[in-house]
Amino acid sequence: MSGRLVVVGLGPGNPDQITPEARGAVGEATDLFGYGPYVERVELGAHQTRYASDNREEISRASAALEMAASGRHVAVVSGGDAGVFAMAAAVCEAIEHGPQAWRGIDVSVVPGVTAMLAVAARIGAPLGHDFCAMSLSDNLKPWDVIEARLRAVATAGFVIALYNPISRGRPWQLGNAFEILREILPATTPVVFGRAVGRPDERIAVMPVGEADATLADMATCVIIGSAETRIIERDGLPPLVYSPRSAGMLSR
Ligand code: SAH
């Protein structure tokens, strides 16, 4: 008997940013898997069991969830933000690819959510208003050389860059190093947005030029958006600034 497995993104933290589809998918599941703080956000119904795990145990969590689904249960695996952005949907796919044949018969679906960079961008204006990319700064799953090469390539190509996983206790120097690389490529005035715990009570937003960007302002709950040379700051009396990337780029030199 093969059950179902749904991977669900619960948004960045504000309960209003959980989509009705995500709420429904979690409500229907019998068994919920996820990193502790995410899965603990869910109010359990009487028919539901929760399996909270550590942040680093993604593959073993995915495998445990698949095993339970294969036994006929209706399993939900929850992530913060969007489940497909640096999160559990890819871990579930990896586990299926390398796992027993029976897991390929499970009815797997993914429900999208509001990813952190969208919530941060919406708080400050429209920094993602033109071409952008997202990168995880974590070198747990890829070497720093690759990160550095990608940062140089996308900054040189003029993309706005949303950095996820900018810093942690085990990775204290990477963000400072990234700023140094970006300062070689971007004008010193290029805006940088630090969006911390957006949508939660301890939210904090800071904007500064890349020339002054200070890595100690970021923590694990921060998404850092680095503008392109086109990204602008509109200062406003008595109101927070608006940061935006105009819808056109590179037109003046044509
Ligand atoms: N799947 C998640 C990302 C997981 S990676 C998503 O789509 O948002 C974890 C990283 O996401 C954190 O290090 C941080 O960079 C970012 N993040 C998650 N929640 C956030 C929030 N509320 N505010 C700002 N950044 C957040």
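Q: Hi! In which sense do strand 9 and strand 11 pair, and over how many bridges?
A: Strand 9 (residues 191–196) pairs with strand 11 in the antiparallel sense, over five bridges. Two strands pair if DSSP finds at least two bridges between them. This is a predicted model, where local features need pLDDT of at least 70, side-chain atom pairs count only at pLDDT 80 or more, and totals for chains, interfaces and linings use all residues. Residues are numbered from 1 along each chain as its sequence is written, and side-chain values use heavy atoms, leaving out hydrogens and water.

Q: Thanks! Which residue is the bridge partner of Gly-195 in strand 11?
A: That is Cys-223.

Q: And what joins strand 8 to strand 11?
A: Three bridges do, and strand 8 (residues 160–164) runs antiparallel to strand 11. Leu-163 has Val-224 of strand 11 as its bridge partner.

Q: How many residues of strand 11 are buried?
A: Five of the five residues in strand 11 (residues 222–226) are buried. Buried means under 20% relative accessible area, exposed over 50%, and partly exposed in between (1.4 Å probe, protein chains only).

Q: Which residues point one way from strand 11, and which the other way?
A: Thr-222, Val-224 and Ile-226 point one way, while Cys-223 and Ile-225 point the other way. In a regular strand the side chains alternate between the two faces of the sheet.

Q: How many Å apart in space are Gly-211 and Tyr-164?
A: They are 20 Å apart, C-alpha to C-alpha, and 47 residues apart in sequence.

Q: New topic: which strands are in the open sheet with mixed pairing?
A: Three strands form that sheet, in the order 6-13-12. Strand 6 (125–126) and strand 12 (232–236) are the edge strands, so called because each pairs on one side only. Strand 6 and strand 13 (residues 239–244) run parallel and are joined by two bridges. Tyr-244 in strand 13 is the bridge partner of Ala-126.

Q: Which residues are buried in helix 5?
A: In helix 5 (residues 116–124), they are Met-117, Ala-119, Val-120, Ala-121 and Ile-124. Just after helix 5, Gly-125 has a positive phi of about 135°.

Q: Now the whole chain: how many helices and strands are there?
A: The chain has seven helices and 13 strands. Helices (H or I, at least four residues) and strands (E, at least two) are DSSP runs, numbered from the N terminus.

Q: What does the C-alpha trace span along its principal axes?
A: About 60 × 40 × 40 Å. Of the 254 residues, 44% count as buried. Among contacts with a separation of 6 or more, 68% come from residues 24 or more positions apart.

Key
Contact = heavy atoms within 4.5 Å.
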